[in-house]
Amino acid sequence: MKNVFLVDDSATMLMSLKGTLEISGYKVHTASDGEAALGLLRGGLKPDLIITDINMPKLDGIGLIREARKLLRFTPILALTTESQQLKREEAKKNGATGWLVKPVGGAELVKVIKQVLPGA
Amino acid sequence: MSPATTLPHVALHGASRAPAGRGTKALRLACAALTVLVLAGLAPWLQAQLQSHLAASAAAEYAAVALLTLGTAGLLRSAAQQWCHNRTGHSQRALTADEVQEAQTYLEVMQRQLGGAMQEAEQGAQQVIERMQAVHQVSNEQFERIQSTEANGQELTRVMKDKVMVDAQLGSILEMFVQKQEADVQANLDRIQRLQGVKDLTPLVEVIAAVARQTNFLSINAAIEAARAGESGRGFAVVAAEIRALSTRTSEVAVDIAKKINGATAGIDEELAAAEDASTRQTSSSNMRNVLADIAEMRDRFAASVEGLALDEVIHAVRSGHQDIAGRLADAMGELQMQDVTRQRIEGVQEGLADLKTHLQEMTEHLRLARPRHDGVAVLRERLQAHTGLYVMNSQRLTHQDVTGQAGGDAPHQPKIELF
């Protein structure tokens, strides 16, 4: 079972994504901001995939992508955010994001993308 | 209409409300009274002027005095009106300032109402997700039970299939056994029938007996002829006696053989009758065949039951249904991400209301200090434009553009999903 790490400051988002992914057969870890997420990664969490929001308190998604990439060179990182953050797409890419998704992404669509970045998942 | 143009309108509209109207009316009455008093004070002087000039008046003088009088009255009225106007303006500004301040309370209430609605919507969405997860949990448990049944069912199917196979093998063995038994019965019958060939020996015995009798006759004749021959036929008489003894013995043996053949034939006939009876009735094999037929029928029904169970198909259908439910739930949960987008939109509106409140506060201060603000409209427009930075959807930008005529922020069209 593949491990997916979800990072978002919205409890509803975390619940909805966690539910979607657990139903689809993934094990899910969550964090409510970039700093907490980085703490878990530094603590030894080694997810197969990270899905992060961009606009978050303490440490935003771009910062998390940059720092997480230093710890996990090959782990796919997807940014899942709103249309308003479109201008940060290139910045996310430069910092090591694997892909960019605009909310809302349906369950089937999300699983399809995950299967693309995690072959065999 | 933009907020910049709306607010002054609201303020002026407020100034014409009942309390402001009462104040203005009182001031107007005071001004009118003052004018009357001034005019009343001027009246004696005017009368004197008229009386002193009326007698020797010339029309020009009268007209000049009249003009002077009217001009003075006009000036006085104008001064009184200006004083009243200043008093009225001051009061209107104070009233407008009060009203603008009250509008801030109004905004605060609306802002908090929005916050409450958003919080309730969040809780509602989370409850929906929890319910969905519960539904999935139930579906999952049911599927696990079915999977457990699947394992048991597969074992049962395997046992039943083995049983059907064993029954088939048993049937084959019994069939072979019955066939063998039937073949044995037939073989016995055939052998017994072949033994009946012993009866064919009876005529041969008759022939032997006849030959023995003829030989006896010949020996008797030979003995007679030997006796006639006298001494020379003595030897021949011995031979004739031997031949006679031999024929007698042959006759005895033939009789004995005939008896034995008859005895054997009788036994064979009895055996044959019994064998034929068994073969005809075939009681045991018939029973066996009935058993075999029953077994075969039972086996066929059993096999049909095993096929009819079709557990694999049922479980496959259940699995497919479960996966369909899971997929739909996952999709529905994904759609709830829209709640987050809506939350961000509402937060943006709240921030907008907070901006407007700040602006109204500033307006209140300006009104109270009677300090005109010339950049108010521009500041308000800037604030509204700055709000575009909070937009989360292109539709918000389009709405902004529709209302203000200004671009709602740079939102390049990019794919919703992009893998780098």
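**Exercise 1. Find which residues of helix H3 (residues 61–71) of chain A are buried, and work out how they are arranged around the helix.**

Step 1. A residue is buried if 20 or more other C-beta atoms, placed from the backbone, lie within 10 Å of its own. In H3(A), A:Gly61, A:Ile62, A:Leu64, A:Ile65 and A:Ala68 are buried.

Step 2. Look down the axis of H3(A): the buried residues fall within an arc of 160°, so they line one face of the helix. The arc is that of the directions from the helix axis to the C-beta atoms. As background, an α-helix has 3.6 residues a turn, so residues three or four places apart point the same way.

Step 3. Now see what covers these residues: the cover includes E1, helix H2 (34–42), strand E3 (49–52), strand E4 (77–81) and H4 of chain A. Helices (H or I, at least four residues) and strands (E, at least two) are DSSP runs, numbered from the N terminus.

A note on the model: it is predicted, so local features need pLDDT of at least 70 and side-chain atom pairs count only at pLDDT 80 or more, while totals for chains, interfaces and linings use all residues. Residues are numbered from 1 along each chain as its sequence is written, and chains are lettered from A and ligands numbered from 1 in the order in which they are written.

**Exercise 2. Describe the side of chain A that touches chain B.**

Step 1. The contact (C-beta atoms, placed from the backbone, within 7 Å) takes 32 residues from chain A and 35 residues from chain B.

Step 2. Helix H1 (11–23), helix H4 (89–94), strand E5 (99–102) and helix H5 (107–117) of chain A each supply at least two residues of this side. The largest share, eight residues, comes from H1(A).

Methods
Contact = placed C-beta atoms within 7 Å. Buried ≥ 20, exposed ≤ 12 C-beta atoms within 10 Å, placed from the backbone.
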